[in-house]
Amino acid sequence: MKLPVVAIIGQTNAGKSSLFNRLARRQQAIVAREAGTTRDNVVTKIDDRYLLIDTAGLKDPDDEFEANIQNQIDDAVESADLILLALDSSKYPNHDDKLIAKKALKSGKPTLLLLNKSDLGESLPNEEFLNLGIKYPLRVSATTSQGLNDLRNRITDELTKLGFKDKPVKTEDDSLKIALIGRPNVGKSSLFNTLAEKQQAIVANLSGTTRDINRTEIRYKGRTIELLDTAGLRKPGKREVGIEKFSALRSLAAIEEADVCCLLVDSTEPHSKLDQALAGQIVDAGKGIILVVTKTDLEHQDTDEILDKLEYDFKFIPYAPVILTSSVTGKNATKIFELATQIDRARHAELKTSDLNKVLHEAIRMHPPAGLKNTHPRLRYMVQTDTCPPWFVVYGSNLSLLHWSYKRYLERCLREAYPFEGTPIFFSFRNRD
């Protein structure tokens, strides 16, 4: 299921991040009075309907770092299905505002003009913004939520006009989508070509060669498998020692669309926080995950050392299987198909309530949950409510006292009985009353 992309663009301090947080209904983007706080694209999924991007503002193009921020705006405009141009309604539009509006209009994408901070007394009338060439501006305020319901309705209407359904519904499709996710130059395109058995993606030693999601379909044991080669996470600015900042737009879109994600990690480089963050995004999206170690054909590599380091750095996903691969020799490449098929079966698994409660009651017998002096959580029964990913609801009383470590313990007990290899599983806890 492909979600449409909505991008918020505009100058620094126009209130883009505040609008982003209001639409997302949570504090995700950093908000500050200082211009240029947002340096990277921030992406979130809104109501399972579309992906919303908060882009960095436009600043001095002579600065190499800021020039890359302008590139982010260009990328967002290029990738977006709908563009939201946010302006400070208390300031007259200047040359930079006209430049950004021109970028948006030139793209041919539908564009909505948002006049933010309209609750201020010094807010200018709509007529002052007509020379930007965008009709019917929307007056909004991220501070007071003025006009945000109208904005949400307009976004829905515009996406509907583009052919996107109000609430996309997953259609019955036997195909399996596998996305290759990872940092630039980790070997995604090389592995993609090896799996596809043809030179379809451009391969180079330069970071960010792949700009869009590359696709190909393969038949494997009578089933259609669609491979997604992502653009990777490109650096928005100059690399600093120990710090890597990337834009995750295309990778997040591929994660949302895929059934199973192969997270590629380079055997010749230490795993970064970005690798771990990507794994977290895959898990949060409820997708299957395979850790694919690339470039293992090189000499002087200790396999045990590689696996030990991988186990330590990704200890929060002990259920993720590991494959050591080489795009040069083709080592273990086709095993990805078999493993992804197994993970897909695990994601669709439906367990009987009686079997689930045997696991629950045995877990309680072995280790009863702790509580307060005279009040303890009581876990009565468990049911499965969903698949892809598997979701379980535990009913009982005083469940607000249940410690997070006990919830993790229950997950371990369930995985010991039913491995659920390569797929996250989720729990909800509800009091019977």
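**Exercise 1. Helix α1**

Which residues of α1 are buried? Work out how far the helix is enclosed by the rest of the structure.

*Solution.* Start with the ground rules. This is a predicted model, in which local features need pLDDT of at least 70, side-chain atom pairs count only at pLDDT 80 or more, and totals for chains, interfaces and linings use all residues. Residues are numbered from 1 along each chain as its sequence is written, and side-chain values use heavy atoms, with hydrogens and water left out.

Step 1. Find the helix. Helices (H or I, at least four residues) and strands (E, at least two) are DSSP runs, numbered from the N terminus. Helix α1 covers residues 16–24.

Step 2. Apply the cut-offs. Buried means under 20% relative accessible area, exposed over 50%, partly exposed in between (1.4 Å probe, protein chains only). The buried residues are Lys 16, Ser 17, Leu 19, Phe 20, Asn 21, Leu 23 and Ala 24.

Step 3. Conclude. Seven of the nine residues are buried, so α1 is largely enclosed by the rest of the structure.

Step 4. Arg 25 follows α1 and has a positive phi, near 60°.

**Exercise 2. Salt bridges across the chain**

How many salt bridges does the model have? Examine two of them: Asp 88 with Lys 117, and Arg 223 with Asp 344.

*Solution.* Step 1. Count. A salt bridge is a side-chain nitrogen of Lys or Arg within 4 Å of a carboxyl oxygen of Asp or Glu. The count comes to 13 salt bridges.

Step 1. Take Asp 88 and Lys 117. Their closest N and O atoms are 3.3 Å apart. Asp 88 lies in strand β4 (residues 82–88) and Lys 117 in the loop between β5 (111–116) and β6 (138–139), so the pair ties together parts that are 29 residues apart in sequence. Asp 88 is buried, at 9% relative accessible area. Lys 117 is partly exposed, at 24%.

Step 2. Take Arg 223 and Asp 344. Here the closest N and O atoms are 2.8 Å apart. Arg 223 is in β9 and Asp 344 in helix α9 (residues 335–347), so this pair ties together parts that are 121 residues apart in sequence. Arg 223 and Asp 344 are both buried.

**Exercise 3. Confidence**

Which helix has the lowest mean pLDDT among the elements of the chain?

*Solution.* Step 1. pLDDT is the predictor's confidence in each residue, from 0 to 100. The chain averages 80, and 80% of its residues reach 70 or more.

Step 1. Helix α2 (residues 64–79) has the lowest mean, 60, while helix α10 (residues 353–366) has the highest, 95.

Step 2. Where pLDDT is low, the predicted coordinates should not be read in detail.
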